[in-house]
Structures are given as structure tokens and as C-alpha cells.
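Hi,

Here is the structure I promised to pass on to you. Have a look at it first, and then read on for what I found.

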Amino acid sequence: TLTTAEAYIQAQLAAHTAAGWSVVGTANTAFPTGANSLSVTGITKDDLLIYFTGVSSTSAGWTLRIQPNGDTTAADYAMQNVVTPAAGTVASLFNPAGSTTAAANTTSGIVQISGAQQAVTKPVNSSGIIGSNRSISLGSCESTAVIASITFLLTAGNFDAGTYTVMQRGG
């Protein structure tokens, strides 16, 4: 049974597909069990939507990070994060869920990046749910490199559930 967040994200996927967004790879792909990271290649368009649902880890205290081109340089990310009801911290990398969680919790969310194929700073917004926390983040990817891939990274443990979809459109 889908959670409310997962059902909403599935509805958004359908709406964006109908509006001309194309899927990079396959929609609703399962995260690889036993791995702590995954890279999606083949990004060739300017506007990106990154959906993830039901993601969980084998370890407690994990955070899901999303990194364009696998970039781990903290100075390349400028994000302001609002988390409710619990206080959160701003991660140096995209942290759509805004906090760490127990192994039993899952996270679902959406990240939007504009100008992915431009050699400019790229605006980013994200929203997510992890456990009982809700998160909204606004900011930018400061790297001016063209985005060719997206890496999903768990900061602790390995994936044991969840799916992702990367969509793109534009020039």
C-alpha cells in the first residue's frame, strides 16, 4: 500500500509524463539492495525532476543525499532547509529529507533543478518526508559544470528499499 506521500509522487510522475517530461532510464526503478550509492547517467536536458519514494537504509542515522555529477565539494551547494516538526541541519550536499533517521523510517521526496545543461549556477528546490518530519529546501548548485548524472548516496548503511525516477525536459 502506498503512503500518502508515495501516492502523491506517483500522481506527479503521471502528470509530468503527460506534460512532455521524459524519463531518464526507467521509471520507478528500485534502489540496489546492498549498495550505498547509485548514479543515473544520460541527462541531456535543462530541467530535471528527481523523485524518490520509500527509501530506507540498513542502518540508523542515515541521510539520503543527491549529488549532481557525484560532486562532493561542499562549496558547490548552497541550500536553506526548513524542517518541521523537528529541528534540522543544513547539509553541505542536497539533503531533501533534512534530517537523519532510524533504520525503520523511510523517505520520499522531489528535487527540481533548472539549467542542468547550462554552464551557470543552477537553482534547486526540494521537498521531502522522512519519518514524521517534513522538509522544504531552496538553494542552488554552485558548480557551473553541465549536469550529466545524478548520484543518490546514503551516508550510513545500504539501500534496503525504495524507488527513484529521474525526469528531464527542455533544451
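This is a predicted model: local features need pLDDT of at least 70, side-chain atom pairs count only at pLDDT 80 or more; totals for chains, interfaces and linings use all residues.

Strand 6 pairs with strand 7 in the antiparallel sense, over 7 bridges, and Ile-110 has Ser-127 of strand 7 as its bridge partner. Strand 8, residues 133–141, is joined to strand 7 by 9 bridges, and these two strands run antiparallel as well. Here Ser-127 turns up again, standing opposite Ile-136 in strand 8.

For the overall picture, the protein has 1 helix and 10 strands. Of the 171 residues, 44% are buried. If you take contacts between residues at least 6 apart in sequence, 78% of them join residues at least 24 apart. The protein exposes about 7200 Å², with carbon and sulfur atoms supplying 54% of that area.

There is also an open sheet to look at, in which 3 strands follow the order 2-9-4 with antiparallel pairing. Strand 2 (37–41) and strand 4 (64–68) are its edge strands, each pairing on one side only. From one strand to the next, the twist averages 15°. Between strand 4 and strand 9 (residues 149–154) there are 5 bridges, and Ile-66 has Phe-152 in strand 9 as its bridge partner.

Now to the interior. In soluble globular proteins, nonpolar side chains tend to be buried together. The largest nonpolar core in this model has 26 residues, and those with the most contacts inside it are Phe-31, Ile-50, Leu-64, Ile-113, Ile-150, Phe-152 and Val-166. Among the elements that give two or more residues to this core are strand 2, strand 4, strand 6, strand 7 and strand 9. Strand 3 supplies the largest share, 4 residues.

Which residues does Val-166 touch, leaving out those up to four places away in sequence? They are Ser-22, Val-23, Val-24, Val-40, Ile-43, Leu-49, Ile-50 and Phe-152. A second, separate core has 7 residues, including Ile-9, Trp-21, Leu-49 and Tyr-51.

I hope you enjoy looking through it.

Best wishes

How values were computed
Residues are numbered from 1 along each chain as its sequence is written. Side-chain values use heavy atoms; hydrogens and water are left out. Two strands pair if DSSP finds at least two bridges between them. Axes are lines fitted to C-alpha atoms, for helices over the stretch in contact, and angles run from 0 to 180 degrees between N-to-C directions. A nonpolar core is a set of buried Ala, Val, Leu, Ile, Met, Phe, Trp, Tyr and Cys residues joined through side-chain atoms within 4.5 Å. Buried means under 20% relative accessible area, exposed over 50%, partly exposed in between (1.4 Å probe, protein chains only). Contact means heavy atoms within 4.5 Å. Accessible areas come from the Shrake-Rupley method with a 1.4 Å probe; for residues, only the protein chains shown count as cover.
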